[in-house]
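Visitor: Could you show me how to read the helices of a model like this one?
Guide: Gladly; let us look at it together.

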Amino acid sequence: MESLENIHILIREDKLDDALHALNAFIDNDADNAEALFLRGKVLWRKGLRPLATTDYARSAAIDPDGPAAMALEHARDIESFFNPDLLNP
C-alpha cells in the first residue's frame with residue numbers, strides 16, 4: 001500500500017490513474033481517512049468524474065469539517081449549480 005506522501009507525488013506528476021488505484025487501496029484499508037478521501041475526490045474531479053468527486057468531498061468533510069474538503073465541496077456544488085441562460089440561446 002502506498003503512503004499518502006507517495007500518492008501526493010503521483011498526483012503532482014499527473015499520474016492520475018496510478019494515484020487513483022493507490023487511493024482506492026488506501027481507502028479500502030482506512031475508510032475514514034479524511035485526507036485520502038479528499039485526495040481521491042481531487043483525482044476524480046481532474047478525471048472528469050465530478051459526481052464521484054463530490055461524494056468523496058462530502059465524506060471527507062463529514063469526517064473533518066474544518067479540512068480542505070469542506071471548501072472543495074462548496075466549490076463543487078457552486079459549479080454544479082451554475083446556470084447561464086446565454087449558453088442555451090446563443
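Predicted model: local features only at pLDDT ≥ 70, side-chain atom pairs only at ≥ 80, totals over all residues.

Visitor: What should the 13 residues of helix H3 span?
Guide: The expected span comes from taking 1.5 Å a residue, counted over one less than the number of residues. For H3, residues 34–46, that gives 18 Å, and the end C-alpha atoms are 18 Å apart, which agrees.

Visitor: How many residues of H3 are buried?
Guide: Here buried means under 20% relative accessible area. In H3, 10 of the 13 residues are buried, so the helix is largely enclosed by the rest of the structure. Among them are Leu37, Phe38, Leu39 and Trp45, and also Arg40.

Visitor: What covers those buried residues of H3?
Guide: The cover includes helices H1 (4–12), H2 (16–29), H4 (50–63) and H5 (68–81).

Visitor: Which contact is found at the start of H3?
Guide: A side-chain oxygen of asparagine 33 comes within 3.1 Å of the backbone nitrogen of glutamate 35. Just after H3, glycine 48 has a positive phi of about 85°.

Visitor: At what angle do H4 and H5 pack?
Guide: Their angle is about 145°, and the axes are 8 Å apart. H4 passes H5 in a left-handed crossing.

Visitor: Which residues meet there?
Guide: From H4 they include Thr54, Tyr57 and Ala61, and from H5 they include Ala69, Leu73 and Ile79. By class, this contact of H4 with H5 holds nine nonpolar, two polar and three charged residues.

Technical notes
Residues numbered from 1 in each chain as written. Heavy atoms only, no water. Helix = DSSP H or I, 4+ residues; strand = E, 2+ residues; numbered from the N terminus. Buried < 20%, exposed > 50% of the residue type's maximum accessible area, 1.4 Å probe, protein only. Contact = heavy atoms within 4.5 Å. Polar contact = N/O pair within 3.5 Å; in protein donor to acceptor, adjacent residues only side chain to side chain. Axes fitted to C-alpha atoms, helices over the stretch in contact; angles between N-to-C directions. Left-handed = near helix turned anticlockwise from the far one by under 90°. Nonpolar A, V, L, I, M, F, W, Y, C, P; charged D, E, K, R; others polar.
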